[in-house]
Amino acid sequence: MVRPQSSAAGVLALLSEPEPLLKQHALKRLNDIVPQFWAEISEYIALIESLSESDEISREARDLAALLASKVYYYLGEYDEALSFALAAGGAFEATAATPGAGEYVETVISKAIDRYISQRLAEQAGEGKVDPKLQSIIEGIFTRCISDGELKQAIGIALESRRLDVIKHIYNTTHDVNLLSYTMEAVLDTAFPLAYRDQVLRFILPLFPSLSSENKSPHVYSVTRLLVTLSSAELTVPLINSLVPKDSLLAYQMAFDLVEGGAQDYLESVRKELPEGEGDSKAIYDKLRRILLGQESIKLYLEFLKRNNKTDMLILKNTKDSLEARSSVYHVALTLQNAFMHSGTTSDAFLRENLEWLGLATNWAKFSATAALGVIHKGHFEESMNILGPYLPQQGGNDSGIPGAQYSEGGALYALGLVNAGVGSGRQVEEYLRNMLRESQNDVVQHGAALGLGVAGMGGKNAETYEELKQALFREDSAVAGEAAGYAMGLIMLGTADATASEEMLQYARETEHEKIIRGIAIGIAFIYYGKQEEADSIVKVLLAEKGGDWRTAILRYGGVFTLALAYAGTSNNNAMRQLLHIAVSDTSDDVRRAAVVSLAFVLFKNPAQVPRIVQLLSESYNPHVRCGATLALGIACAGTGLQDAVDILEPMTKDSVDFVRQGALIALGMVLVEQSEASTPSLASTRALYAKIVADKHEDPMARFGAALGQGLIDAGGRNVTISLQSRAGSRNTNAIVGMVLFCQFWYWYPLAHCACLAFDPTAIIGLDGTLQAPKFEFISNARPTLFAYPAPTKPPKKEAVAKVATAVLSTTARAKAREKKKAAEGETGVVDEKPEAKKDGDVEMKDSEASTSTPKRKESTFEKLPNFSRVVPAQVPYISFPQDSRYQPVRVVSTRSSPSAKGNKAPKSSLVPGLTSERYAGGGGILILADQRPDEEPDYIEFETQAIIAANQAVAAADDRAAHVSEGRHIALDENAPEVTSPPESFEYPFDNDT
């Protein structure tokens, strides 16, 4: 039996021998036993280091000495020294690294090597040094080994970090795997790379993507779309579209619709302008492309979808109205918002028409909110917007109408006009109209509505004239009411420009004014200016967060600094941004700032919703109620539409919190998380709906909690139960409108009318198919899942009228015994036999009866699929289950979803939620507007007749310029409820009965 070695002293003694071979043998042996005896060997580290540089021993022995020194330093925790000696070891370290099961030592040293290589590469690119050749050799070996082992994503990650784009190209040329290019794009977009380098990588990989073609339904069309939207470069987009015209015009239309999903207004406008006129057949194609890129075509189609499929449960609204005291301004606003959210985009004002008396009770700012709600209900109905809102808009020239309180409905109407045209108003007639109203009006309430409308309609338009008009409104009178709205609107107009001049002007004014409302409007406006600008915003964030002092002014500026940080790094999951926000959340002296810091985590992390519950878990248990409230909204915004059970598990106990505004936040957040979930997929849905009804009906509950429950009811059934809430587009890029809308919604804490902006985050979930003429044919597609898995919730049942039961006459026990004895005697007289106890039915008999009944009427098994027509609701989790039959006349020109369909066996929902993969993959393509190729063009198509407005047939010439003016059509001035009987003549004027409130 071999005795285990108890000391390295004998081997170490050989290092002092004059014979080189003995030293080499000792070094080889020590390398093997260093894990056990590193502490003993460390006493000889100076000798080992000298041997690694000695000329008296062979090169191999020197490498072994350097490797031994590296291992000793590793065990001592000196990783930088360990790496330095590993590099000196050369071949000896490479041989160790290539050995299977080399262990933690090699992993740690390679990790440090990669880190040092990345830092040296960055320094080299900045002209501050060169990369160590030995280090370069190790890294090249790592790349080679990764590629040979098939660990390609690891190699791409190292290449991206070390700015080695040549390696990415080499990997793609070797594999020709387009998925690796998509992975590269997602890696550079969803992690915290500097903007300049991000754009460099995207421009580098764009030409590597294969040409797009509808023949093979190029799945990478989603990646290309996201890449183009991120770069927002017309010079890259136009050639790509030109390459598809005229041979693949259907795919060009699809690309245009997909670009509209995530593109900013100014980017889409520059693409429109740079598209060629075209000749012959191509002219009609380019005209259609320009029409699609206006963005209005998509909005019209979704408007039609929301109107057709409106499944609003009117009984929920009726119960809320009956429960909430209408004369209370808070409750009136709560019901206004609930109705607006539930009918958002449906154009149905049935509830308002049926409750004119309730509507007439609105006074002052409640009246402003009630009128603005029309904008939410008719969102996207821009062609009729002037007709719908005509009765409430202020008179031309800014003259006072003379009606008491009219300024509130007039201001609300201007705000509503902005909401109707949200995101598509820049450069159009509506923007000019709102500018004129802002300039001409002398009333600050009307100016407030005009400024908010102008900001929402012209969002991201970067219109200098509009910005100047808003600045003048801010400076003109120093009015708190008008100035607050102007601050928000200035930021919205300059969204994402990082305009230093604008932000400095605004900040300077914020420091001079005495109005809290103006400072808050400007603080959030500055945050909008630096949207998506990452490191470019660091300097202004530093300035804002450095505003120290205990007064309210510095607290509001820090509040703006928190949102500036969140919006600059929106969707990046940036570690530094998260670290700063978490630090502020637990250390700032202002409760408002701490709450804002927790909420802001949602904007940084919304692409990874599954991480958010873990991060805010401890914050949700904070002693500070403002931090707890922030945690509720962070969960609601980041996990919106996912049904994520982890989020629900945190939120449900918070609905019983001791503080009213924490309960309010939890109730609102639950509505966001559970929007468009079904009872089959989310067990908490039914209990949450019951909780809302209970809190709304409880007159002893705090008003803030009842307000939250009403808003939650509106959000959970938003858009007629046909929209989800999503901060990213279907292609995976940031949904700018939604992010802006949610930031403004969070300001309802200070100003209720801003809650209407939540509708900007409502994303219709439909599959809408169009053919080459941009008309909608009738066809069916298949959802390969149980219908109940994605079904609409069952409508609320009205309470049953119970008949009044007669109270039984009281019977004394002595009387009852006497009657029983008489009965017994009568029975004996008739049969002569008395059964003491009636024979109980045997269990077996009961089972037999049940089984017989079940065999005669077997329970019907639910189908594993369903057929759906065009313009059907398809929720995000349902998209992977969608397929088009092979024999269908219409086939999409791109894949419906990039995600593979989940197993159809049982169609069971995953534990946490029905959403497969709660990462950025959740919306990685799928659904939306699909361009279809007609497989049987000789047959006459059967088109769907639109209820809202007919889409212009594509064979009619469409001039590029005439789309710029807002269309004001004759006819009805407000949309009727879709269930109302058709009338040939326009309906009677419908105006809010606000004049009865004097």
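**Aromatic rings and their surroundings**

Biologist: What makes Trp38 partly exposed?

Modeller: Trp38 has a relative accessible area of 29%. Buried means under 20%, exposed over 50%, and partly exposed in between (1.4 Å probe, protein chains only), so Trp38 is called partly exposed. Tyr75, with a relative accessible area of 28%, is partly exposed too. This is a predicted model, in which local features need pLDDT of at least 70 and side-chain atom pairs count only at pLDDT 80 or more, while totals for chains, interfaces and linings use all residues. Residues are numbered from 1 along each chain as its sequence is written, and side-chain values use heavy atoms, leaving out hydrogens and water.

Biologist: How many aromatic pairs does the structure hold, and why is that of Trp38 and Tyr75 called stacked?

Modeller: The structure holds 25 aromatic pairs. Rings of Phe, Tyr and Trp (its six-membered ring) pair if their centres lie within 6.5 Å; planes under 30 degrees apart count as stacked, over 60 as edge-to-face and the rest as tilted. Trp38 and Tyr75 lie 5.9 Å apart centre to centre, with 15° between the planes, and form a stacked pair. Trp38 belongs to helix H2 (residues 20–41) and Tyr75 to helix H4 (residues 59–75), so the pair ties together parts 37 residues apart in sequence.

Biologist: What makes the pair of Phe779 and Phe781 tilted?

Modeller: Their planes make an angle of 45°, at 6.3 Å centre to centre, and the pair is tilted. Both Phe779 and Phe781 are buried.

Technical notes. Helices (H or I, at least four residues) and strands (E, at least two) are DSSP runs, numbered from the N terminus.
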